[in-house]
Structure formats: C-alpha cells, structure tokens
Amino acid sequence: MLDLCKLLHYRIQRTKRKQKKDKNKSKYTSMIVFTEEQEALVNSSWEAFKKNIPQLSILFYTLILEKLPDAKDMFSFLKSFDGIPHNNSTLEAHAELIFEMTRDSAVQLRAKGKVDVADDVTLEYLGSVHVQKGVIDLHFMVFKEAMLKTIKKAVEDKWSEELDCAWGIAYDELASAIKKAMGW
C-alpha cells in the first residue's frame, strides 16, 4: 500500500509533468499543488521551532554531523569547535534561516505553485555558495532528514505523517531551486 507521503510526491511529480506555458516569458513553468492544510501545518510547526531555536539548532547540526562528519568544514561557525558549540548566535541564525526559507517555500508553493527565493541574486548566491562548498545530493538528503527530525522534536506529540510530508515537499522544492542555481 502506498503511504500518504509517497502519494503526495507522486501527485507533485505528475503535476510537474503537466506544464503550462507562461505567456509572458515564452517558456514552460511547472505548478505544484500545495494545500492550505499543508501550509498551515508548516506555519504552525515553524512557530513551535522558533520558540526553542537555541536547542533545536544544536539538535539540527548534531543530526547532520552524525551522518556527515566531514560536513563540519563546510560551516565557518563549526570549523574551530569540537562538537556543536552551544550559545552560538551564528549557528542559531543559520539554522533559523534554513528553516525559515523552507517555511517560506511552503507559503510560495501554496500561493504560486512554485518556489522563488527572495530574488534571482539570492538564489544565484545560494547556488554559488553550495557549489563552492562542494555540496552534493547526499548533503541535501541528510539536511532534509535532520530538518524533519528537528521539526518532530519541536512539535512533539503534534507530529504526523501529513506534517512530515508538508515539510518534506517544501524542502524538496527549495532544494530543487538551489540545485538549479548550482547548474544541476
């Protein structure tokens, strides 16, 4: 039996294949169906995350480094520390930015059916930084897993498969936009 998350991802991929022509730009764009309920799930769990950024950011980077210890060198705020530093405002700000961009992606998916990072310069910058740091597809997968586990910790008993799927879809679409900016 296909679980709900796989079904939603299937629907997205199928929707992407049904591209519609953008009359103003003479190119094809894809639209994603992201429901009001999915957006609400992401927004409410984002609020729960914001209430405990110091501890949840430590959890997030701990989960990443458990799977990818060498990724430590990709982050300037981790390089000179053994382990994950506590009370590190740069670490917390970076974690908050990643989660906020994913939450913003959910809002954009609901409103526009696609992800637009703040502007092309920002997306271009994100792509160049990811290329410079040597980010590979495995990094995106580990970040997603760490993000979902961190959100699960933030919401505790409110965790559900639907919430997992909503964050997963928003993250996947953001990652796809960054990968495109990386030239993939």
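Contact is defined here as heavy atoms within 4.5 Å. The model is predicted, so that local features need pLDDT of at least 70 and side-chain atom pairs count only at pLDDT 80 or more, whereas totals for chains, interfaces and linings use all residues. Residues are numbered from 1 along each chain as its sequence is written, and side-chain values use heavy atoms, with hydrogens and water left out.

The protein chain holds 8 helices and 2 strands; these are DSSP runs numbered from the N terminus, with helices being H or I of at least four residues and strands E of at least two. Along the sequence the order of elements is α-β-β-α-α-α-α-α-α-α. Of the 184 residues, 42% count as buried, where buried means under 20% relative accessible area, exposed over 50% and partly exposed in between, for a 1.4 Å probe and protein chains only. Among contacts with a separation of 6 or more, 70% are accounted for by residues 24 or more positions apart.

The largest nonpolar core comprises 52 residues. A nonpolar core is a set of buried Ala, Val, Leu, Ile, Met, Phe, Trp, Tyr and Cys residues joined through side-chain atoms within 4.5 Å. The residues with the most contacts inside this core are Phe 49, Phe 60, Tyr 61, Ile 64, Leu 78, Phe 99 and Trp 167. At least two core residues each are supplied by H2 (36-50), H3 (53-67), H4 (76-79), H5 (89-112), H6 (120-132), H7 (137-155) and H8 (161-181). The largest share, 10 residues, comes from H8. In soluble globular proteins, nonpolar side chains tend to be buried together. Leu 78 touches Tyr 61, Leu 65, Lys 72, Ile 84, Pro 85 and Leu 91, with residues up to four places away in sequence not counted.

Two helix pairs that involve H7 were examined. The axes of H7 and H8 are 10 Å apart and the helices pack at an angle of about 150°; axes are lines fitted to C-alpha atoms, for helices over the stretch in contact, and angles run from 0 to 180 degrees between N-to-C directions. H7 and H8 are therefore roughly antiparallel to each other, given that angles over 145 degrees count as roughly antiparallel, under 35 as roughly parallel, 65 to 115 as roughly perpendicular and the rest as oblique. From H7 the contact involves Asp 137, Phe 140, Phe 143, Lys 144, Met 147, Leu 148, Ile 151 and Val 155. From H8 it involves Leu 163, Asp 164, Trp 167, Gly 168, Tyr 171, Asp 172, Ala 175, Ile 178 and Lys 179. By class, this contact has 11 nonpolar, 1 polar and 5 charged residues; Ala, Val, Leu, Ile, Met, Phe, Trp, Tyr, Cys and Pro count as nonpolar, Asp, Glu, Lys and Arg as charged, and the others, Gly among them, as polar.

The axes of H5 and H7 come within 12 Å and cross at roughly 90°, and these two helices are therefore roughly perpendicular to each other. Ile 98, Phe 99 and Thr 102 of H5 meet Phe 143, Met 147, Thr 150 and Ile 151 of H7 in this contact. The residues of the contact divide into 5 nonpolar, 2 polar and no charged.

Ala 146 also belongs to H7 and counts as buried because its relative accessibility is 2%. Ala 146 touches Phe 60, Leu 63 and Ile 64, not counting residues up to four places away in sequence. Ala 146 and Tyr 61 are 85 residues apart in sequence, with a C-alpha to C-alpha distance of 7.7 Å. Ser 57, in helix H3, is buried with a relative accessible area of 0%. Beyond its neighbours within four places in sequence, Ser 57 is in contact with Leu 91, Glu 92 and Ala 95.

Several loop residues were also considered. Lys 133 is placed in the loop between H6 and H7 and is partly exposed at 33% relative accessibility. Lys 133 and Phe 75 are 58 residues apart in sequence and 8.8 Å apart in space, C-alpha to C-alpha. Most residues other than glycine have a negative phi. Asn 87, in the loop between H4 and H5, has a positive phi near 55° and is exposed at 74% relative accessibility. Glu 156, in the loop between H7 and H8, has a positive phi near 45° and is exposed, with a relative accessible area of 54%.
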